[in-house]
Amino acid sequence: MTMVLPSGPGYKIPPVLFWGGLMKKDDVTCPRCGAGFRRLELTSGSGSKGEYRCPVCETTLEQFGGDKLVAYRLTIQPSIRGLKAG
Ligand SMILES: [Zn+2]
């Protein structure tokens, strides 16, 4: 089955396509605090420019060019010692 996906601002991704194998999945570990993330990349989507920072220690994990849609989800809470009090 061949599918051609339009891309561009305002294009909404049908969930069935989103979860249907057009996505790359990776597991990412923050090099600083050890937090684990599930990274989803939709190569045929269009995201926004910017960067993703670790919500725990604010290390930049990736910079986005806006040509693909990337989402991070925190999956493993790090054991924090000395990074933040409390
Ligand atoms: Zn971190």
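Lys-25 sits across from Leu-40 in S2. Its setting is a pair of antiparallel strands, S1 (residues 23-29) and S2 (residues 36-42), joined by seven bridges; strands here are DSSP runs of E with at least two residues, numbered from the N terminus, and two of them pair if DSSP finds at least two bridges between them.

A word on the ground rules. The model is predicted, with local features needing pLDDT of at least 70 and side-chain atom pairs counting only at pLDDT 80 or more, while totals for chains, interfaces and linings use all residues. Residues are numbered from 1 along each chain as its sequence is written, and side-chain values use heavy atoms, leaving out hydrogens and water.

Now to the metal. The zinc ion is held by the SG atoms of Cys-30, Cys-33, Cys-54 and Cys-57 at 2.3 Å; donors are N, O and S atoms within 2.8 Å of the metal (3.2 Å for Na, K and Ca). Along the sequence, the spacing of these donor residues reads C-x2-C-x20-C-x2-C. The angles between the four donor atoms run from 102 to 116°, so the arrangement is tetrahedral (for four donors, all angles between 85 and 135 degrees). For comparison, the ideal angle for four tetrahedral donors is 109.5 degrees. Cys-54 is buried at 1% relative accessible area, and Cys-57 is buried too, at 10%; buried means under 20%, with a 1.4 Å probe and protein chains only.

Some of these cysteines turn up again in the largest nonpolar core, which has 13 residues (buried Ala, Val, Leu, Ile, Met, Phe, Trp, Tyr and Cys joined through side-chain atoms within 4.5 Å). Those with the most contacts inside that core include Cys-30, Cys-33, Phe-37, Cys-54 and Tyr-72. Strands S4 (60-64) and S5 (69-76) each supply at least two of the core residues. Leaving aside residues up to four places away in sequence, Cys-30 touches Ala-35, Phe-37, Cys-54, Cys-57, Thr-59 and Leu-61, a contact being heavy atoms within 4.5 Å.

On the aromatic side, the whole structure has three pairs, counted when ring centres of Phe, Tyr or Trp (its six-membered ring) lie within 6.5 Å. Tyr-52 and Tyr-72 have centres 4.3 Å apart and planes at 5°, so they are stacked. Phe-37, Tyr-52 and Tyr-72 make up one aromatic cluster.

Key: Helices (H or I, at least four residues) and strands (E, at least two) are DSSP runs, numbered from the N terminus. Buried means under 20% relative accessible area, exposed over 50%, partly exposed in between (1.4 Å probe, protein chains only). Rings of Phe, Tyr and Trp (its six-membered ring) pair if their centres lie within 6.5 Å; planes under 30 degrees apart count as stacked, over 60 as edge-to-face and the rest as tilted. Four donors count as tetrahedral if all angles lie between 85 and 135 degrees; four count as square planar and six as octahedral if opposite donors are over 155 degrees apart and all others between 65 and 115; anything else is irregular.
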